[in-house]
Amino acid sequence: IASVRPLRAGLSWLSTGGIVTTWATDGLRVYFVDRRDDRFSLLQMPIDGGDSSEIDVPAALQQGFEVYGFLPRTSSLLCLTVAGASDVGWPAWAVSVPGGQARRLGSLRGNSAGVSADGTRIALLQISTSKLVVASEDASVLHTIGPLPQQPGLPSWAPDGKRIRFGGQGPEGREGQPWVWEVAAEGGTPRPVAPARGGACS
């Protein structure tokens with residue numbers, strides 16, 4: 001996030017001292033989560049810099065949530081919330097911006113997620129099931145991909161929408177190393193791509 005040059009600073013500094021782990025942009029503003037005591041809030045900031053302002057969100061999100069991408073057709077953010085979490089993952093919500101109205105995305109759940117470049121598909125990674133759930137923006141499940149390698153995390157779509165990359169334990173003989181893995185968005189067997197550099201998995 002610190003590499004977004006117009007901001008001229010890391011978002012963790014521009015927020016109220018919390019650590020920014022996930023964020024998204026609509027091209028005009030950057031959206032990120034901030035925590036004050038036990039309350040989580042959604043903040044927005046102009047992409048060319050300036051002061052941040054809060055977007056009111058429902059109480060269910062204030063218990064804890066993360067932002068994983070922007071859905072342009074509904075002008076909303078893909079979020080995963082702590083409230084209602086289960087072994088399968090955190091519930092997925094769409095939060096409209098700048099209004100802050102939130103709606104549950106069907107029964108979708110995940111431990112981390114990613115939105116395709118065109119904003120029409122969602123990939124949710126479920127650690128307990130060792131699967132990627134690929135769904136449309138309206139929350140209808142298209143298909144699942146799995147099993148995944150051990151310790152999977154942070155799915156990221158290729159710009160053309162044909163592939164999904166994610167982090168995971170290394171292949172046979174390199175199990176002690178974090179690796180980048182890749183799988184076709186339509187399904188198939190994940191393949192190792194390369195060792196993760198500096199912890200980056202996409």
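Predicted model: local features only at pLDDT ≥ 70, side-chain atom pairs only at ≥ 80, totals over all residues.
Let me start inside the protein: the largest nonpolar core has 16 residues, and Leu42, Phe65, Val67, Leu77 and Val97 touch the most other members. By nonpolar core I mean a set of buried Ala, Val, Leu, Ile, Met, Phe, Trp, Tyr and Cys residues joined through side-chain atoms within 4.5 Å, where buried stands for under 20% relative accessible area with a 1.4 Å probe, protein chains only.

Residues are numbered from 1 along each chain as its sequence is written, and side-chain values use heavy atoms, with hydrogens and water left out.

Which elements build this core? At least two residues each come from strand E2 (29–36), strand E3 (39–46), E5, E6 and strand E7 (90–96), strands being DSSP runs of E with at least two residues, numbered from the N terminus. E5 gives the largest share, three residues. As for Val67, leaving aside residues up to four places away in sequence, its contacts (heavy atoms within 4.5 Å) are with Thr22, Trp23, Ala24, Val33, Leu42, Leu77, Leu78 and Cys79. Another core, of 15 residues, lies apart from the largest one, and its members include Tyr68, Ala92, Ala94 and Ile122.

Now to the sheet, which is open and has four strands in the order E5-E6-E7-E8, with antiparallel pairing; two strands are said to pair if DSSP finds at least two bridges between them. Its edges are strand E5 (65–71) and strand E8 (102–110), each of which pairs on one side only.

At one end of that order, E5 pairs with strand E6 (residues 76–81) in the antiparallel sense over six bridges, and Phe65 has Thr81 in E6 as its bridge partner. At the other end, E7 and E8 are joined in the antiparallel sense over five bridges, with Ala94 standing opposite Arg103 in E8. The hairpin of E7 and E8 has five residues between the strands, and there Gly100 takes a positive phi near 90°.

To place all this in the whole chain, the protein has two helices (DSSP runs of H or I, at least four residues) and 16 strands, and 48% of its 202 residues count as buried.

Notes: Buried < 20%, exposed > 50% of the residue type's maximum accessible area, 1.4 Å probe, protein only.
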